[in-house]
Amino acid sequence: MSEFVCLLVIVSFLVVGFTAAEKPKLVPLPKTTDSYEKKNYRLLCSIESGDPPFTFKWSKDNQPLRESQQLRIKIGYDDDEGSSLLTIKNLTSTDSGTFTCQVANAFGSDQSSSLLRVKGLLLFVNKMRRS
């Protein structure tokens, strides 16, 4: 009888103490965003599921993206929420491109991409004719 109780305790510990580890899964980013020069742009990358800790990386057109020295491009992290926020201030046409957020943990990774199209500002000039 004592062997059965001991085995039951060991099996119970293994079943209760074991939890399946989960790789991260991202909330999909918007496929395309249109914006204008001189505007600010924010892109939130959020985890839908997975086990922390997480590591985020951003890229633009498959090139690693880093914060700029002028702080025009800022990358923030919220470990409690499992998210990362990309902010670009004062957009220019050269900011157009595909932005990708990649997240990883010890069990795998996921990524999502979004195309940003920056359009120039339109200036309307009202010319008055001189008579």
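With a relative accessible area of 9%, F56 counts as buried, a word that here stands for under 20%, while exposed stands for over 50% and partly exposed for what lies in between, all with a 1.4 Å probe and protein chains only. The model is a predicted one, in which local features need pLDDT of at least 70 and side-chain atom pairs count only at pLDDT 80 or more, whereas totals for chains, interfaces and linings use all residues. Residues are numbered from 1 along each chain as its sequence is written, and side-chain values use heavy atoms, with hydrogens and water left out.

Rings of Phe, Tyr and Trp (its six-membered ring) pair if their centres lie within 6.5 Å, and planes under 30 degrees apart count as stacked, over 60 as edge-to-face and the rest as tilted. By this rule there are two aromatic pairs, listed here.

| Pair | Distance between centres | Angle between planes | Class |
|---|---|---|---|
| Y41 and F99 | 6.1 Å | 45 degrees | tilted |
| F56 and Y77 | 6.2 Å | 35 degrees | tilted |

Y41 belongs to strand 3 (residues 41-49) and F99 to strand 8 (residues 97-105), so their pair ties together parts that are 58 residues apart in sequence; strands are DSSP runs (E, at least two residues), numbered from the N terminus. Y41 is buried at a relative accessible area of 4%, and F99 is buried at 1%.

The loop between strand 6 (73-78) and strand 7 (83-88) holds D79, which is exposed, with a relative accessible area of 66%.

Conventions: Helices (H or I, at least four residues) and strands (E, at least two) are DSSP runs, numbered from the N terminus.
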